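Hello,

The structure we talked about follows below.

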Amino acid sequence: MDSMVEDRRDEPHTDFMYCCGAITETLKFGSCQLHSGHKVLFLIIPGNPGVVGFYKTFMQTLHSMFGYRHPVWAVSHAGHCVPPDTMDIVDDTSSAAEKDVFGINGQIEHKLAFLRKHVPRETSLVLVGHSIGCYIILDMMKRDPELKVLKAVMLFPTIERMALSPQGRVMTPVLCHMRYVAYLPLFLLSLLPERLKSSLIKLVLVKCVSLFFVANAMYMGGQEMKKVLERDNVTIKKHLKKLIFYYGATDHWCPVQYYHDIKQDFPNGDFRLCENGFRHAFVLDAGREVANMVVEWIMSQYFCPYSI
């Protein structure tokens, strides 16, 4: 009987909603809705593409290791999911365009809007960022100083000089220019006569939605290359005691030199270098192992998983 209860606890719940006018997917372990009695929420801010399903094993491990006491949620990036048949990519095209919701600034505001709408203000947060998710978290803390952040864990953080990284040098022209190729089939479809278009629309709808998803991810990636430049030392200094950084030893998006530089600039900070050979996209094959490490880090500072 106990094992059946634990199995149900480990069953995630998926929601689709509009946030800032754009389709958004959430993956939730534990409580699906929060109230004032929920003291702590673990919130995952993904990398790019911001597909929450990639983080399922990572989240499941966090949830179980903390005794199922705290909900563990992940929120996708705006437009980085395939919506159900009853929903579109955006519910208000003009509003989404005005807010540039698919760009990096829009994605930051998207996460803050999600928190305002779905998380009680008194709930404390353990934010876990991956890749560009770390940049987003730092900016969230900068824009909303009243966020009750207990701890922010930065995994393989791309928070500076992205275009100058080995992978950035390769991907910048692709992300900044080739994304338009993904829009081409959508443009060609719009030119067809209405009668022909209506007969084809059902056949290509799923493909079109997938192309929008890819184009949104590439658009965000192109902005990352242009805007993630200098490290935000002011915000890091202000929140240093709340931050844990974990750098990859062979991360082509965030070279080891970046680890040495930030460690030199903040000698009292908590900066760790991977000794396990985990790759930047750790969620694909090491989600459980990295989650176990995150639990150990937090437990070492709070002494007991039940004390937060």
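**Salt bridges around one glutamate**

Arg231 and Glu160 are joined through their side chains by a salt bridge, 3.0 Å from N to O. The term salt bridge here means a side-chain nitrogen of Lys or Arg within 4 Å of a carboxyl oxygen of Asp or Glu. Arg231 sits in the loop between α7 (194-227) and α8 (233-238) and Glu160 in the loop between β6 (149-155) and α6 (166-190), so this pair ties together parts that are 71 residues apart in sequence. Helices (H or I, at least four residues) and strands (E, at least two) are DSSP runs, numbered from the N terminus.

This is a predicted model: local features need pLDDT of at least 70, side-chain atom pairs count only at pLDDT 80 or more, and totals for chains, interfaces and linings use all residues. Residues are numbered from 1 along each chain as its sequence is written, and side-chain values use heavy atoms, with hydrogens and water left out.

Glu160 also meets Arg161 in a salt bridge (2.8 Å, N to O). Glu160 is buried at 4% relative accessible area, while Arg161 is partly exposed at 24%. Buried means under 20% relative accessible area, exposed over 50%, and partly exposed in between (1.4 Å probe, protein chains only).

Arg231, buried at 11%, has a salt bridge with Asp265 as well, with the closest N and O atoms 3.0 Å apart. Asp265 lies in helix α9 (residues 256-265), so its pairing with Arg231 ties together parts that are 34 residues apart in sequence. Asp265 is partly exposed, at 42% relative accessibility. Through shared partners, salt bridges join Glu160, Arg161, Arg231, Asp261 and Asp265 into one network.

The salt-bridge count comes to ten.

Regards
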